[in-house]
Amino acid sequence: MTAVESLPVAPVTGAPTPESTRVRGSLADTVRAYVALTKPRIIELLIITTIPVMFLAKGGVPNLWTVAAVTVGGYLSAGSANALNCWVDRDIDTEMRRTRRRPLATHTVTPQAAVVFGLALGVASTLWLGLAVNWLSSVLALAANVFYVVVYSMILKRRTSQNIVWGGAAGCFPTVIGWTSVTDHLAWSPVVLFMVVFLWTPPHFWALALRYREDYAAANVPMLPCVATERHVTWQMMLYSWATVACSLLLWPIAHTGWVYPIGAAVLGVAFLVEAHRLHGAARRGVEGVALKPMRMFHFSNTYLALLFVLVAIDPLVR
């Protein structure tokens, strides 16, 4: 899954705006800017992969205080990682249409303030999860934070087309954190779900990268769609989609689920694979660019993962 058909990456264009230039706004604008640094829409998906695993770990409805504590701690931890990611990527965010409205790109927040804010959230999340939940969950959340900021954002993102494959592991930690918050130990069931999210991430993110290929090329970030043909990218997406569905079905024998999960996972998996094959089929026929409709795959992959984890939560309730 690593060989690619090489295409050149376009050079960075345009001069960045000086970081010292800051647009001053109202208190409400400032609050919105700091909230935007945490990337709430991304955190929503992380929470969706955390809470259902707590139901699976408990074998029913988990303690509501624990659910609330994990949700707050998870938001703080992910918000910390996202704010620090915005600081690392502040130079390339100004080059990309998709990210030009982020607080650091528009200079509504200074780089120094973003770093302080991100680190403060990281400290708060570590202490909160350790004291309110357990220290194993706290350490796992801290590890995910460091992995995302250092390994993905600082090391992999600008150096390899496999950046999101390995860097995407940071987004898999909520599955094990949800489990350990209830049991205070690891097991194979959350590891399977960790791998489901790990394998799901490349087709999900590459669909977005196909749509915004010019953005990543302008920022000189070697996302796979920037350095490989669309046919090759969609082929990789299809392979990872098959691996995702196969891994999702492993939870049935490993977690000893009832029939609700495997039947639902199989139906969702077929729909996911149909969409992956549709995209690759279009690329094979020579369809290019937005005509491929890659965002259809992107949005459907979100729906697939959300519904799969809903099944994870429902299955123990039905049993």
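A disulfide is taken here as a pair of cysteine sulfur atoms within 2.5 Å. By this rule, the count for the structure comes to zero disulfides. Cys86 is in no disulfide, and the nearest cysteine sulfur, that of Cys226, sits 19 Å away. With 1% relative accessibility, Cys86 counts as buried (under 20% relative accessible area, with exposed meaning over 50% and partly exposed in between, for a 1.4 Å probe and protein chains only). Cys172 is in no disulfide either; its nearest cysteine sulfur belongs to Cys247 and is 10 Å away. Cys172 also counts as buried, at 0% relative accessibility.

A quick word on where these values come from: the model is a predicted one, where local features need pLDDT of at least 70 and side-chain atom pairs count only at pLDDT 80 or more, while totals for chains, interfaces and linings use all residues. Residues are numbered from 1 along each chain as its sequence is written, and side-chain values use heavy atoms, with hydrogens and water left out.

Next come the loops. Lys39 has a phi near 55°, a positive value in a residue other than glycine. Lys39 lies in the loop between helix H1 (27-37) and helix H2 (40-48); helices are DSSP runs of H or I with at least four residues, strands are runs of E with at least two, and both are numbered from the N terminus. With a relative accessible area of 9%, Lys39 is buried. Asn220 has a positive phi too, near 65°, and is likewise a residue other than glycine. Its place is the loop between helix H11 (213-218) and helix H12 (224-227). Asn220, at 40% relative accessibility, counts as partly exposed.

On to the helices themselves. The axes of helix H14 (residues 260-284) and helix H15 (residues 294-318) come within 9 Å and cross at roughly 175°. These axes are lines fitted to C-alpha atoms, for helices over the stretch in contact, and angles run from 0 to 180 degrees between N-to-C directions. That makes H14 roughly antiparallel to H15 (over 145 degrees; under 35 is roughly parallel, 65 to 115 roughly perpendicular and the rest oblique). The contact of H14 with H15 has 18 nonpolar, three polar and four charged residues. In this scheme Ala, Val, Leu, Ile, Met, Phe, Trp, Tyr, Cys and Pro count as nonpolar, Asp, Glu, Lys and Arg as charged, and the others, Gly among them, as polar.

Finally, Thr126 is found in helix H6 (residues 111-132) and counts as buried at 18% relative accessibility. Leaving aside neighbours within four places in sequence, Thr126 is in contact (heavy atoms within 4.5 Å) with Trp135, Ser138 and Leu142.
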